Amino acid sequence: MNKVLNEAISIFDDVVEIRRDIHSHPEQGNKEFRTSGIIKKKLSEYGVDEILSPTETGVIGVIKGKKGEGKTVGLRCDMDALPVEEETNLPFSSQVKGEMHACGHDMHMAMMLGNARILCKMRDDFAGTVKLIFEPSEEIQPGGARKIIDSGMVDDVDAFFGLHVNPTKNDVGKICLRKGSSATSADEVYIKVHGKSGHGSTPHKANDAILAACQLNVLLGQIQSRNIDPLETCILTVNVIEGGIKSNVIADTCNLIATIRAYTQETREIAIQKIHDICRGVEKISGCKVEEDIRLGYDAMINDSRLVDIISDYYKKEIGPDFYKKMEEPFGGSEDFSFFSTKTGKPAVLMFLSAGHVKGMPVSTLHSPNCTFDEEAMKYGMAAMTNAALAILEK
Ligand SMILES: [Zn+2]
Ligand SMILES: [Zn+2]
């Protein structure tokens, strides 16, 4: 059996214990103080070479291989919980009211500590350095990745790997890999329409903000069908429209809030430009003033094809072809792990781990109060991340 997978299996009980402890004590973005303390304690117990604090709660563990100088690989996990009230009734359920690790970041951290322990033990087998990056506040914009990058502490990293668990019906422990687009960008659009109020019986003397807002909604919906390549995906939905006070008063203001998601930067830029164009056009025909505020969120995640080849060849050789599978479709959500590539210019791969669910419970989705995982999957998650590092660093 693969040496790393073997090690992962041998430390599995401890990893489960850590995961359950973190799960029952969730902490939301940038408040991961207890969690951060546990991580630092465990990292020093395992004997990492250095423990860095890139942000108040973020942690980086540094492990140097004994085969000499070499490349630096960054393995990243996220740390924060969500404002969700847990409903799983599992014995290690959240002890904090209204907060839950409903996105599996507890699994990510437990696995990353497992990676630290395995890599410390395997120092003789590789050259170069592994940086284990524990990123706070992934769930809250602007995300913790940017702060970690700004700290300068990952400037020397040559390749980044991230992993996200996914609740599944079966296929527990399968690593899902994809070249190119693997998660969407996510931006928010806030539009304020300022019209001119008037009596409901004399619309010609007013500028109807609601009518303009409705036209905006219809035109924004056409971006996908008329401006984006039919083979590309762009999701643009207006999810809030608020305005008006009474049946016989023409509304002078109306607000819209929308989300845009795209799998490539090009598609995202076309959509943003068209939003501006549509706002100017509606402004002209309605006589209303339209103010749009586009708040850029996370970038689209583009997996580096060469890195995907390197690690999948290594997995095939070291563990066997059934260890991973090609992911046909990208993940529909967004992840600020993308910044580790777009902001640094370094190649990165975000992989997904089919993480099952607790037997006897329904398969749930990430962020749901009933989200559960099969902890067995963590053995394979550790094997995937540690082997990815070794694929780059082994000599
Ligand atoms: Zn999430
Ligand atoms: Zn997540």
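In β16, the residue bridged to C176 is F352. This pair belongs to the antiparallel pairing of strand β6 (residues 175–177) with strand β16 (residues 348–354), which extends over 2 bridges; strands are DSSP runs of E of at least two residues, helices are runs of H or I of at least four, and both are numbered from the N terminus. Two strands are taken to pair if DSSP finds at least two bridges between them. The model is a predicted one, in which local features need pLDDT of at least 70 and side-chain atom pairs count only at pLDDT 80 or more, while totals for chains, interfaces and linings use all residues. Residues are numbered from 1 along each chain as its sequence is written, and chains are lettered from A and ligands numbered from 1 in the order in which they are written.

Both strands lie in an open sheet of 8 strands with mixed pairing and the order β1-β2-β4-β3-β5-β16-β6-β15. From one strand to the next the twist averages 25 degrees. Helix α3 (residues 33–46) lies across β1, β2 (59–64) and β4 (129–135), and runs at about 10 degrees to β2. Axes are lines fitted to C-alpha atoms, for helices over the stretch in contact, and angles run from 0 to 180 degrees between N-to-C directions. Helix α8 (residues 305–318) also packs on the sheet, where it touches β5 (159–166), β6, β15 and β16, and its direction makes about 45 degrees with that of β16. Contact requires C-beta atoms, placed from the backbone, to lie within 7 Å.

Helix α6 (residues 209–226) has 18 residues; at 1.5 Å a residue it should span 26 Å, which agrees with the 25 Å between its end C-alpha atoms. The expected span is 1.5 Å times one less than the number of residues. Among the buried residues of α6 are L211, L216, L220 and I223; buried means that 20 or more other C-beta atoms lie within 10 Å of a residue's own, exposed that 12 or fewer do, and partly exposed in between, with C-beta atoms placed from the backbone. The buried residues of α6 pack against β8 (186–194), β10 (234–243), β12 (253–262), α7 (265–286) and β13 (289–298).

S93 is found in the loop between β3 (72–78) and α4 (105–121). With 14 other C-beta atoms within 10 Å, S93 is partly exposed. S93 and H23 are 70 residues apart in sequence, yet their C-alpha atoms are 6.8 Å apart in space.

Terms used
Contact = placed C-beta atoms within 7 Å.
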